[in-house]
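Please open the structure in the viewer and keep the selection panel at hand. The tour below names what to select at each stop and then describes what is found there.

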Amino acid sequence: MVTETATRNLSYIQAINEALRQEMSRDPAVIVMGEDVAGGAGREDQGIIDSWGGPMRLTKGLITEFGADRVRDTPISEAGFIGAGVGAAATGLRPVVELMYVSFFGVCADQITNNAAKMRYMFGGKITLPLTIMTGMGAGLNTAAQHSETLYSIFTHFPGLKGVVPSDPYTAKGLMISAIRDDDPVILFNNRQLMGISANVHVPEEAYEFPIGKARILREGDDVTLVGIGYTTYIADQAAGLLADDGISAEVIDLLSTSPMDEETILESVQRTRKVVIVDEDYPRCSVASDISALVAEQAFDYLDAPPVRVNPPHTSVPYSRPLEALYMPTPDKVIDAVNEVMG
Amino acid sequence: MATTTIGIDRDTLLWMYKTMVIIRRFEEQSKREADAGKLRGMHSSIGQEAVPVGVCAHLRDDDYVLGTHRSHHHCIAKGLDINQMMAELLGKSTGTNKGKGGTMHIADIDKGMLGANGVVGSNIPVATGVGLSAKVRGTDQVSVVFFGDGAANQGTLHEAMNLAGIWKLPVIFVCENNRYAESTPVEYSVAGESIAARAEGYDMPSVIADGQSVLEMYEIGGEAVARARAGDGPTFIEAQTYRYHGHFGADDPLAYRTQEEEDYYEARDCISTMVSYLLENDVLAQDEIEAIDAAALADVVEATRFADESPFPNDGELTTDVYISYA
Ligand SMILES: Cc1ncc(C[n+]2csc(CCOP(=O)(O)OP(=O)(O)O)c2C)c(N)n1
Ligand SMILES: [Mg+2]
């Protein structure tokens, strides 16, 4: 990991943007595609260019620096352009394709799960697929059931896909760069709330990788292990701060990769604290949280003082109405309740 | 019933005018609510009122409409209650969907509104199934699906058009070509001479309509509905229209289009051209127009009061309606 003393604050969005810019400069094979990644497409002769820079502005400025050949606005045809990303990745490019919201994966699921995930295996290892899909996710913003899901779990299910979930600007930049350089298909999940939170973390200016498949310990503690994934790392860390005031020392693991998953860091921590609470915004059934719960139960059973506890939303779609959505979300209070449960 | 010069009865003309005005006032108010932070994710239909109003003038309550993320105008044209709609926007229990769906998912099955839909192009196959259902059940119901120029590039449209074509289903595909999908201009995203031309590949009658003219939309919509009811199959309508506002609240459309273009469309505004028509043809006098306008505004004020005073859903609603039974 890069260590620097000077503090350089970037927003989550700027961090992703910088990663894209640096990788595009480094490697001409990197191209970016997606809906409105530049905006106002085809109107350069009228002086119109880069009007959006992506729905979350993650790709702002790329078209002016790298041109419309490498920064392509697409029609709303996810099956078409994500599938095109697979084909381009198989033949020498290193595409970064934006799927605006993860819920829209349904439109292009075949391309992701049947092609991106399986081609290398089915072809006897004869190709590499350096495809990066970046996608927005997460509830809490009053956008109802089709624009609020957190679906990293479903992709974790598929052999052949990797999944990374940054939790702040520092991990966002490092994981974005690692995803682009990785020769396997990687999905980078950007939580929409995290994109709006200003985190006081240092983001080095030079390009750096954050290793895919590695978790990090965000806060050390002895009494209980809290595992967070992206936005829920932020929630778990808030809970840990409140618990500290009550004299409970919680360790916070920032999972960062859902596939491969850093089992070692989780198991090592749980063996010390003997208690675990997993905080996950995805649906509870067949989730990353249930996967971690199974891991701990199967491989650290003898160390546990209490069964693992999961904090997920209930098994329901995301409601629109704000008071209902607030009930839906994992919160520091729910994490504290869960900690009290495992502390007995 | 009094029939006017172009063969449309007076009541229908009044209904169309009044409905367009209610939509516009409703959308102005919903934008105020969104600006005040009371809802998010709101896509304004201002400028596009004539398209669904002209088509829905031919529909019965038991005909179906399916909409998009930008669907408040479809809902009002299909006769939904604006009190319940405004309550839905604010996430209240008295909303059309009990506050669980919000601005992008308004539905009212009794009124034949089978839902707005937040996934672009996702509604089109469903509408095709609604047409199939009518055909298999032997009714003369009609299914109308509204979608944008951006949605015209989804594979779902093509698969659905083919199904409707081979099975001669009573489906009307209405593409609201407002020239943009978010910031992406239609001339960039659509290959081929027009969106309507795509229907030719499926042997489907298709037409390009002036979506700023409610009278033209009424005429073309009428032919399509008659064809569907008679069992003669689907129709494709490309209605050329314009959204006056940004894609959503915070979007500044002048980042990707010109003032000149905006002025061109606003000069052909569906409501003001209809006012001129009604006055010039002595369908209504100025004071009657003003009375309709005032009544529409009062209705929207009342809808806002109703929504504001309504309660939020009970906590228990979080987990109801996922299934009918689950044990
Ligand atoms: C499958 C899918 N992809 C992307 C989006 C994000 N999105 C919402 S509206 C929109 C533009 C739609 O354009 P158009 O179909 O022309 O409808 P308009 O907004 O102009 O009414 C996009 C890209 C989405 N909701 N669903
Ligand atoms: Mg459009």
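## Two helices of chain A

Select helices H9 and H10 of chain A: A:Glu263, A:Ile266, A:Leu267 and A:Val270 in H9(A) meet A:Ile292, A:Leu295, A:Val296 and A:Gln299 in H10(A). Please bear in mind throughout that this is a predicted model. By class, the residues of this contact are six nonpolar, one polar and one charged.

Two packed helices are described by the angle between their axes and the distance between the axes. Here H9(A) spans residues 263-273 and H10(A) spans residues 288-299; their axes come within 11 Å and cross at roughly 60°. That angle makes H9(A) oblique to H10(A). The crossing of H9(A) with H10(A) is right-handed.

## Two backbone details

Next, select A:Ser259 and A:Pro260, which are joined by a cis peptide bond with omega of about -5°. A:Pro260 belongs to the loop between S10 and H9 of chain A.

Then move to A:Asp36, in the loop between S1 and helix H2 (62-66) of chain A. A:Asp36 is not a glycine, yet its phi is positive, near 60°. As background to both stops, most residues other than glycine have a negative phi, and most peptide bonds are trans.

## The seven-stranded sheet of chain A

Now display the strands of chain A and follow the order S2-S1-S3-S4-S6-S5-S10, in which seven strands form an open sheet with mixed pairing. Which strands stand at the edges? They are S2 (71-73) and S10 (257-259) of chain A; each has a single partner strand, so one side of each is left without a neighbour in the sheet. On average, neighbouring strands of this sheet are turned by 20° against each other, direction ignored.

Within this sheet, select S1 (residues 30-34) and S3 (residues 94-101) of chain A, which pair in the parallel sense over four bridges. To see one bridge partner, pick A:Val32 and look across to A:Val96 in S3(A).

## The five-stranded sheet of chain A

Stay in chain A and select the strands in the order S7-S9-S8-S11-S12: these five form an open sheet, and the pairing is mixed. The edges of this sheet are S7 (216-219) and S12 (309-311) of chain A, each with a single partner strand, so one side of each is left without a neighbour. Neighbouring strands are turned here by 25° against each other on average, direction ignored.

Select S8 (residues 224-228) and S11 (residues 276-279) of chain A, which run parallel and are joined by four bridges. A:Gly228 has A:Val279 in S11(A) as its bridge partner.

- Helix H8 (residues 231-245) of chain A lies across S7, S8, S9 (250-254) and S11 of chain A, and runs at about 155° to S8(A).
- Helix H12 (residues 332-343) of chain A packs on the sheet and touches S8, S9, S11 and S12 of chain A; its direction makes about 175° with that of S12(A).

## A helix pair in chain B

Turn to chain B and select helix H4 (residues 82-89) and helix H12 (residues 286-309). The axes of these chain B helices come within 8 Å and cross at roughly 50°. H4(B) and H12(B) are therefore oblique to each other, and their crossing is right-handed.To display the contact, select B:Ile82, B:Asn83, B:Met86 and B:Ala87 of H4(B), together with B:Asp299, B:Val300, B:Glu302, B:Ala303, B:Thr304, B:Phe306 and B:Ala307 of H12(B). These residues divide into seven nonpolar, two polar and two charged.

## Where the chains meet

Show both chains together. How many residues does each chain give to the contact? Chain B gives 36 residues and chain A gives 35 residues. On the side of chain B that touches chain A, the elements giving two or more residues are strand S5 (184-185) and helix H7 (186-189) of chain B. H7(B) provides the largest share of that side, three residues. By class, the side of chain B that touches chain A has 14 nonpolar, 16 polar and six charged residues.

## Ligand 1

For the last stop, select ligand 1, which lies between chains A and B. There are 21 residues around ligand 1, and those that come nearest are B:Val120, B:Gly148, B:Gly150, B:Ala151 and B:Ala181. The shell around ligand 1 consists of nine nonpolar, seven polar and five charged residues.

Methods. Residues numbered from 1 in each chain as written. Chains lettered and ligands numbered in written order. Predicted model: local features only at pLDDT ≥ 70, side-chain atom pairs only at ≥ 80, totals over all residues. Contact = placed C-beta atoms within 7 Å. Nonpolar A, V, L, I, M, F, W, Y, C, P; charged D, E, K, R; others polar. Near = placed C-beta within 6 Å. Axes fitted to C-alpha atoms, helices over the stretch in contact; angles between N-to-C directions. Parallel < 35°, antiparallel > 145°, perpendicular 65-115°, else oblique. Left-handed = near helix turned anticlockwise from the far one by under 90°. Pairing = 2+ DSSP bridges.
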